Amino acid sequence: ANGKVWMVDAALGGIGVYDIETAVLTLRADLLEDGGDGIIAIDNYLVTSTFSGKLWYYDLDQYPSGSFDVGITNITGTGDIGYNPSTGVICAPQVTFEGGGVVDFIQFSPPTVAPTTAAPTAAPVTTTTNIISVTVEGGPAFEYLDTFTGLADAGALSESCEHDPANNKWRLFNWFTSTPYTLPGSYPLTDLASGDFATLSGAAAGIAGLNAQQFVAGSPNLIYIATASPLPISAFGFTAVDGVSRIIRYNVDDDSFDVLIELPGVDGDGDVGNGLCYDADNEVLYVTSVGVDFFVTGAPVANANYVYKVENIGSPDTATATAIDLTTLVDADGNAVTDRTLYPNGCTVANGKVWMVDAALGGIGVYDIETAVLTLRADLLEDGGDGIIAIDNYLVTSTFSGKLWYYDLDQYPSGSFDVGITNITGTGDIGYNPSTGVICAPQVTFEGGGVVDFIQFSPPTVAPTTAAPTAAPVTTTTNIISVTVEGGPAFEYLDTFTGLADAGALSESCEHDPANNKWRLFNWF
């Protein structure tokens, strides 16, 4: 299909992809987590049978991204499958020597609704989907709520947005002057009253370019902020100071700033503290630098991409920064990555790992806190991004194409990010208010920037369940709100033929003969 030979690995799982034109054979272990037998092409889908009793499907439009999804479970027929295009029926023989010889028949139906992208809207779109003998992969919903323009109207923009639970406020900092702003934490679910959008008195003297924020509860309650080297600011009429990136602390209890630590780096427009996240279990901060000159050339700056582990953060006198080696990246199989590097932007900590979104090339950097191994998973995210946060058991990331994406951590190391909402303007470092389920997403472009989008995040209303094969369809209604509809095909169990087994025979494969409109089976013995 599509100029390639697709082969399913029986022993270890994964898919071999042989390009007929270039004669290059690629092993995509990430595409399929199960060892299998048969694989066929139906329309623009690949369908494979695996020894765990499942049929899986893969949309070829995704390639090289994405991975196979489960179409139907609990089938007995896991041999070489066949397909009758005139009826849409798949023939799946069982080939085990004990109790084998039966043949399952499954109806394949392409998506009834073609994938479409809806513009952000507060009005939900309700669709009805037939879920027939499949594993229901329920994802979260994203609903556009509002775009706040007050910051832009004030001639300011904030690269990040953080919820301060101690005071129930959204915290924003003017990128150019470090002036703090607040919005009520209940916004936009409640209307703004006079004075609710507040400009506070503090400012970090001589420091601008305030990027990612991280709230840490304590006494006092602090927001740690990664700052850019001031050098690039001169391009916009601001005075350069000394070319040093810092982590600064903002005391939300008394509206004051101080410097926690200066970060080693290079003098140049790429030396920017971009992402910041907190490992609460070990009381450690992680700070990233993309290493790209966002301001003039848009190109990488040599040695300016970094990740620092900052420990002993209780005081500027004790804080230390240790670089994580980006030259020892490994891929999902543990092999050294030699063809690219990581350009880390936003980061978050979840499940004992630091997750970093690559701003330049796309993909996710995954740093295992216990083993200190940094894995580059270019296949997890196809888009270059900025912010990333953990919500319940999901990662949510903002990308420069105007999307929020989500990833179910239960899938790791399989699967990939799916689109949650499109056409948003806020693609900076995102924040989240867990009490309301609202995401705050600021826009950081210098031309027309400063607006802030607010999006409602709702976890799946139905937990993923696996239905046994049945001929009876189950109809569910799902609210699809401002999302890209990822409609997959349906698989419906029809019948199990036992005549071959009754005759003491079994067939390893099943093929449709269109010349005579017959299913062809051959006794293995």
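**Strands and cores in a predicted model**

User: How many bridges join β13 to strand β14?

Analyst: There are 3 bridges between β13 and β14 (residues 169-173), and these two run antiparallel; strands here are DSSP runs of E with at least two residues, numbered from the N terminus, and two of them pair if DSSP finds at least two bridges between them. This is a predicted model, in which local features need pLDDT of at least 70, side-chain atom pairs count only at pLDDT 80 or more, and totals for chains, interfaces and linings use all residues. Residues are numbered from 1 along each chain as its sequence is written, and side-chain values use heavy atoms, leaving out hydrogens and water.

User: Which residue in β14 stands opposite Glu162?

Analyst: Glu162 faces Arg171 there.

User: And what order do the strands of that open sheet take?

Analyst: The order is β13-β14-β15-β16, 4 strands with antiparallel pairing, and the edge strands, β13 (162-164) and β16 (198-199), each pair on one side only.

User: Switching topic, which residues touch the most other members in the largest nonpolar core?

Analyst: Tyr224, Ile247, Leu285 and Val310 do, out of 18 residues, where a nonpolar core is a set of buried Ala, Val, Leu, Ile, Met, Phe, Trp, Tyr and Cys residues joined through side-chain atoms within 4.5 Å, and buried means under 20% relative accessible area with a 1.4 Å probe, protein chains only. Strands that each supply at least two residues of this core include β20 (256-263) and β23 (306-311).

User: What about a second core?

Analyst: A separate one has 16 residues, among them Val307, Leu342, Met356 and Leu374.

Methods: Buried means under 20% relative accessible area, exposed over 50%, partly exposed in between (1.4 Å probe, protein chains only).
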